[in-house]
Amino acid sequence: MKRLLIALCGALMLAASAAQATSMTVSTLFAGCTQPKKVTIAPGGGVWFPCIGVLAVLYYGPGVYGAPLPPAIAIDSIPLPAGVAANMLAFDASNYLWFTDFLGNRIGKANLTTKVVTTYALPAGGDRPEGIVFASDGNIYVSTFGNGVVYRVSASGAMTPVASLPAGHHIRGLAAGAGAQLVFGDFDDCKIYEYSPIFDVTVSIPAPCQKIYDVTIGPDALVWYAGGTKIGKLTASGAVPYDPAPGTIAVSIAAAPDGTLWYGGDTGIITGHTKVGQITTAGLAFDAPVPGGGSLSTAAYIAVRQSDGTPFFTLPGDNKYGMVLPAVATSGTATVVEYYWATRDHYFITANPAEIAALDASPPGGWVRTGVTARVWNATDEPLPNASPVCRFYGRPEAGLDSHFYSASPAECQAVIDRFPAAWQFESRNVFMVILPNPTSGACPVGTVPVYRLFNNRIDVNHRYTGLLTTRATMIAAGWTPEGYGPLGVAMCSPAQ
């Protein structure tokens, strides 16, 4: 962005926006699959989850990032031997799908081509394997809830203990990081353990939480954990906790390619209140009830497909699976209206109904509609995948300003807060929602249209936001400077309908 400043009209305050329903789909499982456990995404994009007696997969075609997925193009499954029940899955580099069998105290692997399944018993009777990952050193690693031990597993199923918790403690959550680093959580002591096979050492880090239910490596390369009433990340200065939305117990967590984190959980008290939530790059935690959970609803297990950013989840107690649709899968829920004040030569936009009504009723000689409108999504306290909240500032008259500034970039919003508090009064972090364009090209995803931002280059600071290239050209000819991403200065991407 060329500038962080911008400008508005009078001191109309923002009314609170009503929350909108999160766009989710929940589907009944296909025949032969019941009680689905933790969902896992295959390297090729298949959505896998273990069911009673089978390992099931939904195949989707390649998705466009930020766009809704078409229906699954195929469904398949791998039968398990009698008495074998899988809990969690991991893919190796040799065409095998590995799984843990908690109740059977064993692990197994299925050949993805022949569908032949081989099982291996755990070394100790009370191990109870749960977590399983494929690490960059080429080995499978398994964590046990019963005995709190981590095993390295060879291709032939031979198991070597490499790390363990104090006696009586249980491991929940297992993830593999760079350099074959392993991360796992102490369910009883709210600690995260990092094991390095290079140095053969284990380091524990306290983590503010209720219990450690799950861990992952985020897109920021930091360790994140679902800790019940706390979600947190481990930084160089220690653990940083976040509160999920009130009443939520977070039990699973997954990283998304846009830098956000997704979690699944429930209220922990009332059945039927299963939640799926998101932690934004700005550190805000949003969640929403999963529709149609039912009286048997349990915590949602979640994973994010990296190719298109789609979060998938399973509901074991309801025999269902689902996905969270991106913003572009839903029509815009609000309309932005543009106004112009001729004597000031200033433009102003708003999606707030109270402001629109007040401006429409203003006396002659002030704000007048230009006839230009755009669709956006209402500000919401629930996750709307791939959408970005638009912040708003008011330029203080005592600083020589009298204008509003909007930005869909959380980084730009924070920069204005940090650098210009005396000039720009922070009004809201989320007045409506749009999608950020590609930061290099300025391109907008399928289902959205570009909104260009221009600066008037005058001491009476003002910006104009337009979706029309002809208007953009006219403003540039009048001395305005384009701002935004890419060569055309795209500031936002709004829903096409």
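Predicted model: local features only at pLDDT ≥ 70, side-chain atom pairs only at ≥ 80, totals over all residues.

Reply: Residues are numbered from 1 along each chain as its sequence is written, and side-chain values use heavy atoms, with hydrogens and water left out.

Me: What makes Cys33 and Cys51 a disulfide?
Reply: A disulfide is a pair of cysteine sulfur atoms within 2.5 Å. The sulfur atoms of Cys33 and Cys51 are 1.8 Å apart, so the pair meets that cut-off.

Me: Which parts of the chain does this pair tie together?
Reply: Cys33 is in the loop between strand E1 (24-28) and strand E2 (40-41), and Cys51 is in strand E3 (residues 47-51), so the link ties parts 18 residues apart in sequence. Strands (E, at least two residues) and helices (H or I, at least four) are DSSP runs, numbered from the N terminus.

Me: Why is Cys444 called partly exposed?
Reply: Buried means under 20% relative accessible area, exposed over 50%, and partly exposed in between (1.4 Å probe, protein chains only). Cys444 has 23% relative accessibility, so it counts as partly exposed.

Me: Why is Cys493 called buried?
Reply: Its relative accessible area is 0%, so Cys493 is under the cut-off for buried.

Me: Why is the disulfide of Cys444 and Cys493 called left-handed?
Reply: The torsion about its S-S bond is about -80°, so the disulfide is left-handed.
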